[in-house]
Amino acid sequence: MADTRESTITCSEKDVEEKWTIVLAHIWRQVKWSRIHRNHLDVFEHRLEYAKYEPDVASVIQRLGNALGIQGVNVPLEDLEYLRKCNELAMDVLRRWTKLLALKAMVFSTKHLKKKELGGENK
């Protein structure tokens with residue numbers, strides 16, 4: 001019997017964009033930026049441009065992590081699962097809006113994830 005959870009998910013471009021922003025922001029926070037002496041946003045965008053040609057969401061995350069020197073990428077599982085279930089739309093959004101998603105991820109990371117870290121949530 002098929003998993004009923006899959007049939008209840010409706011993929012919307014807005015939700016996919018939001019999930020990409022969150023996932024990419026978590027990846028941004030894991031990069032050791034002190035080792036990179038060029039413009040951080042440019043580096044992130046270029047690595048994401050390179051990774052967007054992968055066939056699926058999981059491969060994009062893996063390639064992006066490898067390209068940024070991250071051992072074991074840690075992203076919110078529920079957001080990753082949503083993107084995987086909406087893979088076709090997720091890949092389309094990523095390929096069309098790569099630079100925008102990179103910028104939104106950087107902003108989200110500095111505004112929201114940094115606050116969480118400063119608020120006492122330690123890794």
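Which residues of helix 5 (residues 77-85) are buried? They are Asp 79, Leu 80, Tyr 82 and Leu 83, where buried means under 20% relative accessible area, exposed over 50% and partly exposed in between, with a 1.4 Å probe and protein chains only. Helices here are DSSP runs of H or I with at least four residues, numbered from the N terminus. The model is a predicted one, in which local features need pLDDT of at least 70 and side-chain atom pairs count only at pLDDT 80 or more, while totals for chains, interfaces and linings use all residues. Residues are numbered from 1 along each chain as its sequence is written, and side-chain values use heavy atoms, with hydrogens and water left out.

An α-helix has 3.6 residues a turn, so residues three or four places apart point the same way. On the other side of helix 5, Leu 77 and Glu 78 are exposed. The cover over the buried residues includes helix 2 (13-30), helix 4 (57-67) and helix 6 (87-96), contact meaning heavy atoms within 4.5 Å.

Asp 79, a residue of helix 5, counts as buried because its relative accessibility is 5%. Leaving aside neighbours within four places in sequence, Asp 79 is in contact with Lys 19, Ile 22 and Val 23.

Not counting residues up to four places away in sequence, Phe 44 touches Leu 24, Ile 27, Trp 28, Trp 33, Leu 64, Leu 68, Ala 102 and Ala 105.

A search of the whole structure finds one disulfide, a pair of cysteine sulfur atoms within 2.5 Å. This disulfide joins Cys 11 to Cys 86, with 1.9 Å from S to S. It links distant parts of the chain, 75 residues apart, with Cys 11 in the loop between helix 1 (4-8) and helix 2, and Cys 86 in the loop between helix 5 and helix 6.

Conventions: Helices (H or I, at least four residues) and strands (E, at least two) are DSSP runs, numbered from the N terminus.
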